[in-house]
Amino acid sequence: MAKHLRSSALFVAAILIFVACGQGTTTTSSPAGGESAAPPPTSSGESAAPSGSAAPAGAIPEQGVDDGSTITMWSRAATETRVQSQVDAYNATHQNKVELRLVPTDDYVGVVGNAATANELPDLFSADVVFMPNWTSQGLFMDITDRIDGLPGIDNVGQAHIVASSWEGRKYGLPFIIDLSVWMYNKDLFTQAGLDPEAPPTNLAGFADAARAVQALNIEGTYGTYFGGNCGGCNVFTWWPIIWADGGDVMNEDGTEATLNTDAAKEIYRTFGALWDEGVINPESQQETGPTWTEPFPAGKVGIMPMPASLQESEGMPLDNLGVTAIAGVQGGESTFVGGDSIGLSKDSQNPEAAWNFITWMLGDYNQVEVVAKAGNVVARTDLSDNQYSSADPRLVLFNEVAGVGKTPFALHFNAAYNDPQSPWIQLFRAAVFDDADDATIDQLNDGITSVLQGN
C-alpha cells in the first residue's frame with residue numbers, strides 16, 4: 001500500500017495559479033510582458049497546438065475535443081468559489097459547456113456512492129484528495145494512466161495529488177483545487193492589543209497568547225480565535241500540521257494506526273481547552289460542523305485562527321489587515337496540510353474526450369495564472385509558482401514556501417475515521433477540548449480511530 005503520509009516536497013510549487021491555455025481547441029503561450037490572453041475557440045472540435053509558435057517549455061497543451069458537448073461535473077460545495085470561477089472561464093471560451101452540480105459537502109460521499117451503485121456518475125467529478133484512495137480502490141474513476149503519462153509537461157504538475165489518486169500502479173486523477181492550511185491574523189486587532197502585526201506567533205503557545213491578548217480588548221462580538229469544534233475535517237486540516245511541525249506523526253505509514261494520543265496531540269487539546277474555558281473562543285465554535293467555519297475571520301471578528309491558504313477567502317476584510325504565517329508546532333517549526341481536491345473521469349462518463357479537454361485546459365497556463373493565481377490561490381503546477389501575482393505579494397510567497405514542508409495524509413478509511421460527522425476523531429477532540437478528557441480516555445478514543453482505520 002502507498003505510504004500514509006506523503007511529503008509535499010515534490011509538490012512545492014503547486015501553489016501557483018493556472019493560466020488555462022484558454023480556449024477550446026487552441027493553446028497559446030503568454031504574450032511578453034506577463035499578460036496572458038485567452039484565445040477564442042476554433043471550430044474544428046479538436047484540440048491542437050497553435051501554428052506559428054512553439055508552446056513554452058513545461059506548458060500543458062489542451063487535448064480531447066471541444067465540439068459543443070455538454071460535460072456533466074460534480075464538486076463539493078466547500079470548494080464552490082474556486083470551482084465555479086474555473087468552470088465559468090472554461091464555458092466562456094469553449095464550445096463545450098460544463099454543467100456543474102455543487103453538492104453539500106457533508107452529503108457528497110453519500111451522493112457519489114449512490115450514483116456509483118446506479119451507474120449514474122457524471123462525466124467528471126472531484127474529490128477531497130484524502131478520499132481518493134477509497135474511491136479509486138472501488139473503481140469509481142476511469143483509468144487514465146496512459147493519458148496522464150503521455151501529457152506533455154506532466155512533470156510540472158503537483159505530484160502529491162497524482163500519487164494519492166493512484167491505486168495498484170494505475171492513475172485515476174489530477175490536482176484540481178490545491179489547498180493549504182496557515183494561521184491568519186487580523187493586523188488591526190493585533191495592533192490594538194499591543195501585539196506587533198509584523199511578528200506573528202512562532203509556536204502554539206504564541207498562538208494562544210495572541211488570542212488571549214485580542215480577547216482582552218473586550219470588543220463585543222469579537223473573539224480571540226475560532227475553530228470547527230464539531231468538524232473533523234477542519235481540525236485534520238488545521239491541527240495536524242502542529243504535530244508535523246514538531247516532527248511528529250498522526251498515523252503510521254499505511255494509515256492503519258492512529259497516533260493522536262501523543263504528548264504533542266494532547267498539548268493541542270489542552271491549549272484549545274484552556275482557551276475555551278477562558279472564553280477566548282467564540283462559543284459558536286462548539287457546534288461548528290464546517291460549512292461556516294471560515295466566515296468569522298474575514299468578517300473581522302477573530303484575532304487569529306487557522307484558515308485555508310487563499311486570499312480569496314478574505315472577501316469582506318481589507319487585504320491590508322490580513323496577516324499570514326505558517327502553522328507552527330508546540331516547540332516551533334512549520335508545516336501545513338497539503339489538501340484540496342483531485343479530479344478525474346468517472347467510470348460512467350459519456351463524454352470522456354470532452355471531459356479530458358476540460359482537465360487539460362484546467363492545468364494550462366491561462367487558467368492556472370489568470371484564474372487561479374490571480375485570485376490569490378495556490379496553483380497546481382510547479383513551473384508557474386513564480387508568476388506576476390505570487391511574486392507581488394509576500395503572503396503568496398509564504399504559501400509557496402510552506403507547501404514544501406507540508407504533508408498529505410493517506411488512509412483507505414479516512415472519511416469514516418476522521419471526516420464523517422460521527423467519526424471517532426470528532427469524539428476524541430470534543431471530549432478532550434470541551435470535556436477535559438483524561439489521558440486514559442484519550443488513549444481509548446484513539447484506539448477507536450485505529451479500529452475504524454483497519455476497517456472494523
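This is a predicted model: local features need pLDDT of at least 70, side-chain atom pairs count only at pLDDT 80 or more; totals for chains, interfaces and linings use all residues.

User: What makes up the contact of helix 1 with helix 11 by class?

Analyst: Three nonpolar and three polar residues form the contact of helix 1 with helix 11, with no charged residues.

User: Helix 9 (residues 263-277) and helix 14 (residues 424-434) pack with their axes 7 Å apart, at an angle of about 55°; why is helix 9 oblique to helix 14?

Analyst: Roughly parallel requires an angle under 35 degrees, and roughly perpendicular begins at 65; about 55° lies between these limits, so helix 9 is oblique to helix 14. On the helix 9 side the contact is made by Tyr269, Phe272, Gly273 and Trp276, and on the helix 14 side by Trp425, Leu428, Phe429, Ala432, Val433 and Phe434. By class, nine of these residues are nonpolar and one is polar, with none charged.

User: How do you know that helix 8 and helix 14 are roughly perpendicular?

Analyst: The axes of helix 8 and helix 14 come within 9 Å and cross at roughly 70°, and since 65 to 115 degrees counts as roughly perpendicular, the two helices are therefore given that label. Helix 8 passes helix 14 in a left-handed crossing. The contact is made by Gly232, Asn235, Val236, Trp239 and Trp240 of helix 8 and by Trp425, Ile426, Phe429 and Val433 of helix 14, which divide into seven nonpolar, two polar and no charged residues.

User: Which helix supplies the largest share of the lining of the largest pocket, and how many residues line this pocket?

Analyst: Helix 8 provides the largest share of that lining, namely five residues, while the pocket is lined by 44 residues, with Arg76, Ala78, Thr105, Gly290 and Trp293 lying nearest its centre. Among the other elements that each supply at least two lining residues are helix 1, strand 7 (174-179) and strand 11 (339-345).

User: What is the volume of the largest pocket, and how does its lining divide by class?

Analyst: About 1,300 Å³ of space lies in the largest pocket, and the residues of its lining divide into 20 nonpolar, 14 polar and ten charged.

Technical notes
Residues are numbered from 1 along each chain as its sequence is written. Side-chain values use heavy atoms; hydrogens and water are left out. On a 1 Å grid over the protein atoms alone, a cavity is a set of points where a 1.4 Å probe fits but cannot get out, and a pocket is an open set with protein on both sides within 12 Å along at least five of seven lines; lining residues have an atom within 4 Å of a point. Grid points are joined across faces, edges and corners, and a volume is the space filled by probe spheres set on the points. Helices (H or I, at least four residues) and strands (E, at least two) are DSSP runs, numbered from the N terminus. Ala, Val, Leu, Ile, Met, Phe, Trp, Tyr, Cys and Pro count as nonpolar, Asp, Glu, Lys and Arg as charged, and the others, Gly among them, as polar. Axes are lines fitted to C-alpha atoms, for helices over the stretch in contact, and angles run from 0 to 180 degrees between N-to-C directions. Angles under 35 degrees count as roughly parallel, over 145 as roughly antiparallel, 65 to 115 as roughly perpendicular and the rest as oblique. Contact means heavy atoms within 4.5 Å. A crossing is left-handed if the near helix is turned anticlockwise from the far one by less than a right angle, and right-handed if clockwise.
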